[in-house]
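Biologist: Before we go through the helix packing and the ligand site, could you set out the terms you rely on?

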Amino acid sequence: MKKIQMVDLPGQYAKIKDTVNTSIDEVLNSAAFINGPYVKEFQKDLEEYLNVKHVIPCANGTDALQIAMMGLGLEQGDEVITVDFTFAATVEVIGLLKLTPVLVDVDSSTFNMDIEALKKAITPKTKAIVPVHLFGQCANMEAIMEVANEHNLFVIEDNAQAIGADYTFSNGQTQKAGTIGHVGTTSFFPSKNLGCYGDGGAIFTNDDDLAHILRGVVNHGMYKRYYHDVIGVNSRLDSIQAAVLKAKLPHLDAYCDARRKAAAYYSNAFMESSNITVPAISVFSTHVFHQYTLKINNGKRNELHKHLLDKGIPNAIYYPVPLHSQEAYKDTRYNEDDFKVTNQLIDTVISLPMHTELEEEQLAFITKTVLDFVG
Ligand SMILES: *Cc1c(COP(=O)(O)O)cnc(C)c1O
């Protein structure tokens, strides 16, 4: 059996090596490292794939979030609501911009923003909501957009983990994750579902005026060369990364299918155990399984983590510490009772190997090892 990896990037690369290498060679020979043709081409391809009017490429997913917030004109003291159970980038940029982060709890089955908690957190200072489509499936966007419209708030979708997922509204209309809110962001970090071979990110919007503002913000606030109308940043997707992404985008749907297939194998095997809760799939979103995350209900999560490592099965705890307890983001406003679900998840979740190259033999070994231990 091939050695099991948490993420198998070399295995995936081997299958697209010729196309990727040819594209990279082209960039090397042209020396158009910044703003070369591949950047524009990938931007257009992604606009078409997502069915969104504007894609603004940038340097990484954290910048994408920051630039989105700058473009919306959020100001010091404005409250931005996001979730307690996510990667820190989301709350980090809120703090960097001197906005006020307001963390809310998540739903225990989907790990996504709890709508009642969101409603409770709204104050006259609230200006924006940042739902995170955690582990590859969309938050309840229809409910979030309703709340946002009612209170006149912006919605910024952190879509770093769910690119390619489809959201279906109650009227049957379907939209790609990240294109539903006023603005969406993503990351092309190598291990993400659509990853490049370095850092990369992008911002999506259907709003022409906002797109214009964002294109300036990513480029030092310049709309005309050497005229700086607003304070911006330097955040670019470089041409080599764009070339890699252009080569990989046509495979994204197949990559999502491969992840779903592995997830189905896992869930089918784990369903028999009363000590394991398999990932819930919501009625309104497809799941692209950036992570395959179980809940271990018999208190043995930490032992399982060590046992699997001993057996050569990589695994991870996403996330081990809630944001509201992090040194950088502690706040006396928070009350432990407001984070009951997150406080429980950090002790029960475990993410298993998930990537596009998992083989049945590996999946069989992983599921058997987990079931033998957990029962
Ligand atoms: C990866 C990730 C980011 C940050 O992306 P980078 O490209 O690493 O800056 C932001 N939010 C979430 C939810 C992520 O998973």
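Modeller: Axes are lines fitted to C-alpha atoms, for helices over the stretch in contact, and angles run from 0 to 180 degrees between N-to-C directions. Helices (H or I, at least four residues) and strands (E, at least two) are DSSP runs, numbered from the N terminus. This is a predicted model, in which local features need pLDDT of at least 70 and side-chain atom pairs count only at pLDDT 80 or more, while totals for chains, interfaces and linings use all residues. Residues are numbered from 1 along each chain as its sequence is written, and side-chain values use heavy atoms, with hydrogens and water left out.

Biologist: At what angle do helix α3 and helix α7 pack?

Modeller: Helix α3 covers residues 61-71 and helix α7 residues 208-217, and their axes lie 9 Å apart. Angles under 35 degrees count as roughly parallel, over 145 as roughly antiparallel, 65 to 115 as roughly perpendicular and the rest as oblique, and α3 and α7 are therefore oblique to each other. The angle between them is about 125 degrees.

Biologist: Which residues of α3 and α7 make the contact, and how do they divide by class?

Modeller: With contact meaning heavy atoms within 4.5 Å, α3 contributes Ile-67, Ala-68, Met-70 and Gly-71, and α7 contributes Leu-210, Ile-213, Leu-214 and Val-217. Ala, Val, Leu, Ile, Met, Phe, Trp, Tyr, Cys and Pro count as nonpolar, Asp, Glu, Lys and Arg as charged, and the others, Gly among them, as polar. By that scheme the contact of α3 with α7 has 7 nonpolar, 1 polar and no charged residues.

Biologist: Which residues of α4 does α3 meet?

Modeller: The axes of α3 and helix α4 (residues 89-96) come within 9 Å and cross at roughly 40 degrees, and the two helices are therefore oblique to each other. From α3, the residues involved are Thr-62, Leu-65, Gln-66 and Met-69. Their partners in α4 are Ala-89, Thr-90, Glu-92, Val-93, Ile-94 and Leu-96.

Biologist: How far is a polar side-chain atom of Asp-158 from a nitrogen atom of the ligand?

Modeller: The residues around the ligand, meaning those with a heavy atom within 4 Å of it, include Asn-60, Thr-62, Ala-89, Asp-158 and Lys-192. Polar contacts are pairs of N or O atoms within 3.5 Å; within protein, one must be able to donate a hydrogen and the other to accept it, and residues adjacent in sequence count only if both atoms are side-chain atoms. An oxygen atom of the ligand lies 3.4 Å from a polar side-chain atom of Asn-60, and an oxygen atom of the ligand is 3.0 Å from an N or O atom in the side chain of Lys-192. For Asp-158 and the ligand nitrogen, the distance is 2.8 Å.

Biologist: Where does Tyr-319 lie, and what is the omega of its peptide bond from Tyr-318?

Modeller: Most residues other than glycine have a negative phi, and most peptide bonds are trans. Tyr-319 is found in the loop between α10 and α11 (340-348). The peptide bond from Tyr-318 to Tyr-319 is cis, with omega near 5 degrees.
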